[in-house]
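Please look through the sequence and the structure shown below, and then follow the description that comes after them.

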Amino acid sequence: MKDKLLDIFKQKFGDFGDIRAYFAPGRVNLIGEHTDYNGGHVFPCALTIGTYAVARKRDDDKLRFYSMNFEEIGIIETSVDNLKNEEKDNWANYSKGVIWALQNEGYKITSGFDVAICGTIPNGSGLSSSASLEVLTCFICQDLYDIDIDMIKNALIGQKAENDFIGVNCGIMDQFAIAMGKKDSAIFLDTSDLSFEYAPVVLKDSNIVILNTNKKRGLGDSKYNERRSECEKALEKIKTVTDINSLGDLTVEKFNELKSVINDEILIKRAKHAVSENERTVEAVEALNANDLKTFGELMIKSHESLRDDYEVTGIELDTIVNEALKQEGVIGARMTGAGFGGCGVAIVKSENTNDFINNVGNAYKNIIGYDASFYVVNIGDGPVKF
Ligand code: ADP
Ligand code: MG
C-alpha cells in the first residue's frame with residue numbers, strides 16, 4: 001500500500017523534497033454503544049485496517065489533497081488561511097477541520113502541505129473512517145510542524161474538528177480508540193474523565209468478524225443528534241431528584257428507583273439503554289479479564305437487544321445480520337457496532353467455524369435483504385505510525 005500510494009503522490013504532486021508516510025487505524029467498538037456522550041464506558045479497539053497517507057510540507061500557504069478512495073474528485077486545493085467548511089472541498093473538510101482546530105489552540109500552521117490518502121476502511125459504515133482521517137491529519141501536522149502534543153490531545157483535536165467544523169456531535173470514543181490504539185488490546189475508557197486501561201483481547205481460537213450490512217447510514221446523523229438530545233432531556237429530569245453529572249453515573253438499580261420522574265416512555269427507554277449499556281460494558285470487561293468469553297458474548301447480545309428495543313437505532317439490516325449471525329455454529333456473540341441505522345455489526349466466532357459463518361450469514365442476508373453483505377476478519381492493531 002505504501003509503495004502504491006507513494007507512486008500516486010509523486011505522480012500528482014511531483015517527486016522531490018522530504019516525502020513522509022503515515023498510517024492511522026480504523027476502529028471497532030466491542031461493547032458500550034451510545035454511552036460515550038452519556039459519560040459512560042466504552043470498549044473499542046483499533047484495527048490493522050485504516051488510512052494511509054504520504055505527505056510533504058510546502059513553503060507557501062497552499063493545501064493540496066488527493067484520495068485514492070475519491071479519485072473522481074481529483075486534487076482538492078485550498079489554503080491554511082481562513083479555514084472554513086466548504087462544500088467544494090468535500091472530504092478534505094475533515095482534514096481542514098483538524099488544521100483549524102490546531103490553529104484555534106494557538107499552534108502556528110502558516111505553510112501548507114501536499115497529501116495523498118488511501119483508506120482500507122469502508123466509508124460511512126461505522127468503523128470510523130472519518131475519525132481515522134482526523135487523527136491521521138493531526139498526526140501528520142504534529143510531525144510536519146513539530147507540534148508537541150500527546151495522543152489524547154490529538155484525539156480531542158479530532159473530536160473538535162468533527163463537532164465544530166463538520167457538525168457531527170460525536171463523543172470522544174472514535175478518535176480516542178484510534179489515537180490510543182494498542183495491538184491485541186481493547187481500550188476500556190471512562191468517557192466521564194478519560195481515565196482508561198488497556199485490556200488484552202486474547203481470543204486464541206476465535207476471530208473478530210465485522211459484518212457490513214452495506215446499508216449506508218442515510219438519516220443516521222440526524223437520528224444520532226436526536227438520541228443525544230433525548231438523553232439530555234432525561235438527564236435533566238433525573239437531576240431534579242439526585243446529584244449526578246451524567247447518565248453514566250447511575251446504576252441500573254438506582255435508575256429504576258428514579259426513572260418515574262422522567263415521565264415520558266420514550267425518554268425512559270433511551271436513558272435505560274444508556275445506563276444498562278454502561279453497566280454491561282463494565283461487566284463485559286470483567287468477564288474478558290477473567291477469560292470468560294462466553295459471558296462477554298452474552299453481554300454483546302444483550303447490548304444489541306437494548307440498542308434495538310430501547311434505543312431503537314438498529315433497523316432491519318442490522319437486526320437481520322445479527323439474527324442470522326446468532327443462528328450459526330461457533331458464534332460467541334454478535335451485535336451492531338457504531339452509531340447504528342445501518343453500517344456494521346461485529347461478531348466473535350470460533351476460527352474453525354468462521355468460513356461457514358461468513359457463507360451462511362451472507363446467503364441468508366442476501367435472501368432477506370436483497371443485496372450482499374461484506375465480511376472482514378480483523379486484527380487489533382496499534383495507533384498511528386510514521387514509516
Ligand atoms: P465513518 O466514520 O463511519 O466511516 P462518516 O460518514 O463519519 O463514516 O465518514 C466518512 C467520510 O470521511 C467520507 O465520506 C469522507 O468524506 C471521509 N473519509 C474517510 N476516509 C477517507 C479517505 N480514505 N479518503 C477521503 N476521505 C475519507
Ligand atoms: Mg465517522
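**Strands, helices and a ligand shell**

Strand 3 (residues 62–67) runs antiparallel to strand 4 (residues 76–79), and 4 bridges join the two. Here strands (E, at least two residues) and helices (H or I, at least four residues) are DSSP runs numbered from the N terminus, and two strands count as paired if DSSP finds at least two bridges between them. This is a predicted model, in which local features need pLDDT of at least 70 and side-chain atom pairs count only at pLDDT 80 or more, while totals for chains, interfaces and linings use all residues. Residues are numbered from 1 along each chain as its sequence is written, and chains are lettered from A and ligands numbered from 1 in the order in which they are written.

Strand 3 is also joined to strand 5 (residues 113–119), again by 4 bridges, but these two strands run parallel. Strands of a sheet pair through backbone hydrogen bonds, either parallel or antiparallel.

Another sheet is open and has 4 strands in the order 9-10-8-11, with antiparallel pairing. Its edge strands, each of which pairs on one side only, are strand 9 (331–336) and strand 11 (374–378). From one strand to the next the twist averages 20°, where angles run from 0 to 180 degrees between N-to-C directions and axes are lines fitted to C-alpha atoms, for helices over the stretch in contact. Within this sheet, strand 8 (residues 206–212) pairs with strand 11 in the antiparallel sense over 5 bridges, and Val-209 stands opposite Val-377 in strand 11.

Two helices lie against these strands. Helix 9 (residues 293–309) lies across strand 8, strand 9 and strand 10 (344–350), and runs at about 25° to strand 9. Helix 10 (residues 316–326) packs on the sheet and touches strand 8, strand 9 and strand 10, with a direction that makes about 175° with that of strand 9. Residues are in contact if their C-beta atoms, placed from the backbone, lie within 7 Å.

Helix 10 also meets helix 11 (residues 354–369): their axes come within 9 Å and cross at roughly 145°. Among the residues that meet are Thr-320 and Ile-321 in helix 10 and Ala-364 and Tyr-365 in helix 11. By class, this contact has 7 nonpolar, 1 polar and 2 charged residues, with Ala, Val, Leu, Ile, Met, Phe, Trp, Tyr, Cys and Pro counted as nonpolar, Asp, Glu, Lys and Arg as charged, and the others, Gly among them, as polar.

A further helix pair is formed by helix 2 (residues 92–104) and helix 4 (residues 151–166), which pack at an angle of about 110° with their axes 8 Å apart. That angle makes helix 2 roughly perpendicular to helix 4, a description that covers angles of 65 to 115 degrees. The residues in this contact include Trp-100 in helix 2 and Phe-165 in helix 4, and they divide into 9 nonpolar, 3 polar and 2 charged.

Finally, which residues are the closest to ligand 1? Ser-67, Trp-91, Gly-119, Ser-129 and Ser-130 are the closest of the 17 residues that surround ligand 1, a residue being near a molecule if its C-beta atom, placed from the backbone, lies within 6 Å of it. Strand 5 and helix 3 (129–144) are the elements that give two or more residues to this shell, and helix 3 gives the most, with 3 residues. The shell divides into 6 nonpolar, 11 polar and no charged residues.

Methods: Parallel < 35°, antiparallel > 145°, perpendicular 65-115°, else oblique.
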